[in-house]
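I opened my notebook to go through this model piece by piece. I wanted to see how its parts meet. Here is what I looked up.

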Amino acid sequence: MTDTRSTCPYCGVGCGVLIESEGDRITGVRGDPEHPANAGRLCSKGQTLHLTAAPHVARQTRLLHPQVRAARGAAPQRTTWDEALDLAARRFNGAIATHGPDAVGFYISGQLLTEDYYAFNKLAKGLIGTNNIDTNSRLCMSSAVAGYKLTLGADAPPACYEDLDHAGCVFIAGSNTAYAHPVLFRRLEDARRARPGMKLIVADPRRTDTAEAADLHLPLQPGSDTLLFHGLLHLMLREGWTDTAYIAAHTRGFEALEALVRDCTPARVAQACGLEVHDLVTAARWFATGASGDPKARGATLSLYCQGLNQSSSGTAKNAGLINLHLATGQIGRPGAGPFSLTGQPNAMGGREVGGLANLLSAHRDLADPAHRAEVAALWGIPSVPEKPGLSAVELFEAAADGTVKALWIACTNPAQSMPDQRTVRRALQRAEFVVLQEAFATTATAGFADLLLPATTWGEKDGTVTNSERRISRVRAAVPPPGEARHDWRIVVDFARRLRPGHALFPHETPEALWREHRESTRGRDLDITGLSYAKLDRDGPQQWPLREGDTQGKARLYGDGVFPTPDGRARFAALPHRPLAEPREPRYPFSLTTGRLRDQWHGMGRTGTLGRLFGHVAEPAVQLNAGDMQRLALRDGELVHVTSRRGSLVLPAQASGQVAPAQAFIAMHWGPEYLGGRGSGGEPLAGVNALTTSARCPGSQQPELKHAAVKVLKA
Ligand code: SF4
């Protein structure tokens with residue numbers, strides 16, 4: 001038996017794993033006791049990874065050969081790699097020649113490795129000359145990116161997991177950490193056992209298992225987070241709990257924020273958020289003082305936050321509102337203190353690092369900045385990087401639906417289930433003249449729409465790196481050879497690029513490490529500088545945090561300890577962004593607030609976790625969870641079928657009374673796809689999963705859609 005050290009491919013905790021293999025078979029998996037993220041622990045998903053790679057599962061789920069459809073709706077036929085890549089190059093070149101480079105678009109994934117991501121970004125922006133490349137990280141972390149940049153000056157989470165061991169108060173907002181980041185939650189539980197005085201506050205409309213564990217649960221109304229943060233700041237100012245010395249020495253713009261929160265009185269905020277005034281006072285005191293109760297002897301406060309803040313039509317304001325609290329109380333740059341966004345996907349961070357979003361360029365550069373464009377053009381040895389902003393995820397599919405984008409290349413993601421407003425996504429995939437899907441799994445909903453299917457390798461089969469939530473870069477390693485004719489994602493990009501523009505010199509790479517070295521050079525002098533890092537160092541010393549500059553022996557555990565921020569004057573900025581109401585508040589015709597979220601034992605669209613019966617032991621089938629009072633009012637019995645209907649579509653599923661859900665709210669898990677949860681769009685078209693209901697309304701600052709909330713009605717079926 002061979003042990004191969006690698007990383008779990010699921011959530012952004014980024015746990016290290018030891019893959020056990022014999023020959024070309026993965027036979028087991030163990031937590032890596034030497035990985036700093038998990039010290040040997042794995043959650044239910046990580047522990048069963050090897051079972052998802054079993055031969056009988058792979059035979060049913062994997063895409064093993066290139067396949068092409070002669071016509072939409074026809075069964076795909078096996079083809080060769082040469083024919084597949086020639087066809088892709090011909091169709092993409094045709095669309096570009098007729099309509100220009102912006103007639104094509106790439107939709108990629110936070111589950112790709114950094115090397116894959118880098119190659120895709122260079123292909124679109126460097127070789128083809130379009131910025132139409134976006135990723136499912138847009139659905140996941142783009143509000144966190146916008147919030148960090150607006151306030152702290154760079155997209156860099158300032159804290160680390162070890163801060164849990166120093167925090168006096170942990171404030172969790174919009175995250176069911178117990179389910180979404182389980183190993184990190186175990187670490188929080190350890191820290192609380194070790195220091196029983198630590199306080200845990202959880203702000204969440206649902207009484208999740210995370211909220212159940214809290215010392216103080218703030219069951220705020222969906223969408224009222226910004227108002228909550230402004231209200232807490234109002235209280236901190238009133239009680240003298242802010243850190244005036246820190247504000248004066250290290251920040252700008254506090255006066256405007258002070259004016260903004262002046263009318264966010266406890267009574268008004270409590271009423272609008274659906275909270276008690278005394279709970280607001282307690283939360284403000286614990287947060288400001290790190291639960292010491294004394295601003296002169298401040299403990300440390302760490303905030304953990306995720307999609308409840310990000311997946312919102314005011315995601316930037318919510319992120320900034322929380323970071324404002326840290327800056328106003330000096331709760332940043334010290335052990336145990338700081339705002340800490342938890343990454344949803346395993347490598348959303350790596351994607352941000354290589355500039356894999358439509359508005360970014362390599363190494364946290366901005367597309368809108370002419371100097372940054374010139375730097376990247378020089379690095380790539382091309383005359384220029386196109387100036388025109390690319391289309392963000394939702395815009396890209398809207399453009400395909402209206403016929404502007406003609407050819408789509410989708411890699412390692414399943415937009416026909418995971419994007420909001422599935423009506424539009426379906427129209428986009430039907431209207432696009434050519435759709436390529438580069439995937440490991442043949443079973444995704446998107447596969448049914450693809451003209452060309454390209455088999456990709458996946459966990460246990462590929463090499464590269466990922467970056468987890470705490471800026472820690474880990475190696476991903478192959479334990480077994482690729483199955484069938486599957487190729488590595490970066491390899492597919494390189495092979496396609498060489499056929500698209502024969503004779504160019506942009507893709508000489510023959511290994512993932514060659515791509516990674518180029519990415520490393522692009523970070524020189526940037527906030528995420530990793531010029532002191534190498535594959536050899538990662539192999540020798542294990543996972544490392546960035547920045548890690550040339551000459552450094554190790555990276556930085558936490559940022560901004562010197563009070564200097566990556567802004568022109570070195571000061572952080574308060575962001576005075578007002579509360580904005582939900583894109584779609586509930587109203588008499590749609591009287592329920594639908595929220596969405598994760599289950600403990602499933603991952604995304606269940607392509608991998610859905611293959612194991614044991615992972616259905618926790619939750620066996622889809623249901624809409626409702627408050628018991630609402631069930632009674634609607635004369636619904638547990639398990640009775642209901643129509644859940646939004647302005648865009650309707651689903652039929654069992655109703656389930658839940659003590660976690662407040663009155664006038666409803667909850668449906670995000671994972672269930674067409675095999676489990678059928679429905680109809682408002683035009684009668686077949687749609688499936690909770691995103692038949694969700695809205696594509698998005699945050700103007702981050703372009704992240706409001707996947708977390710839609711107004712719905714619930715009627716007996
Ligand atoms: Fe994998 Fe996340 Fe579970 Fe760790 S916590 S084993 S990274 S799913």
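I began with a contact: 20 residues of domain 1 are in contact with 18 residues of domain 2. Two residues count as in contact if their C-beta atoms, placed from the backbone, lie within 7 Å. I noted that this is a predicted model, where local features need pLDDT of at least 70, side-chain atom pairs count only at pLDDT 80 or more, and totals for chains, interfaces and linings use all residues. Residues are numbered from 1 along each chain as its sequence is written.

Next I asked which elements build the domain 1 side. β1 (2-7), β2 (16-22), β3 (25-31) and α3 (55-61) each supply at least two residues of the side that touches domain 2. β1 gives the most to that side, with four residues. I checked how these elements are named: helices (H or I, at least four residues) and strands (E, at least two) are DSSP runs, numbered from the N terminus.

I then sorted this side of domain 1 by class and found nine nonpolar, eight polar and three charged residues. Ala, Val, Leu, Ile, Met, Phe, Trp, Tyr, Cys and Pro count as nonpolar, Asp, Glu, Lys and Arg as charged, and the others, Gly among them, as polar.

The protein chain has domain 1 (2-61), domain 2 (67-140 + 347-514), domain 3 (155-342) and domain 4 (592-716). These bounds come from an automatic or database domain assignment. The centres of domain 1 and domain 2, taken over C-alpha atoms, are 26 Å apart.

**The ligand**

Which residues are the closest to the ligand? I found Cys8, Tyr10, Cys15, Cys43 and Gly46, in a shell of 14 residues. A residue is near a molecule if its C-beta atom, placed from the backbone, lies within 6 Å of it. α1 (44-47) and α8 (182-194) each supply at least two residues of the shell. By class, the shell has nine nonpolar residues, four polar and one charged. Why does the ligand lie between two domains? Domain 1 and domain 3 both give residues to the shell, so the ligand lies between them.

**Two helix pairs**

I turned to helix α5 (residues 114-128) and helix α23 (residues 512-522). They pack at an angle of about 70°, with their axes 9 Å apart. Axes are lines fitted to C-alpha atoms, for helices over the stretch in contact, and angles run from 0 to 180 degrees between N-to-C directions. That makes α5 roughly perpendicular to α23, a term for angles of 65 to 115 degrees. In α5, Thr114, Glu115, Tyr118 and Ala119 meet Pro512, Leu515, Trp516 and His519 of α23. This contact has five nonpolar residues, two polar and one charged.

I read the general rule: most residues other than glycine have a negative phi, and most peptide bonds are trans. The peptide bond from Trp546 to Pro547 is cis, with omega near 0°. Pro547 lies in the loop between β21 (544-545) and β22 (572-573). Ala291 has a positive phi, near 70°. I found Ala291 in the loop between α14 (277-289) and β12 (301-305).

Methods:
Parallel < 35°, antiparallel > 145°, perpendicular 65-115°, else oblique.
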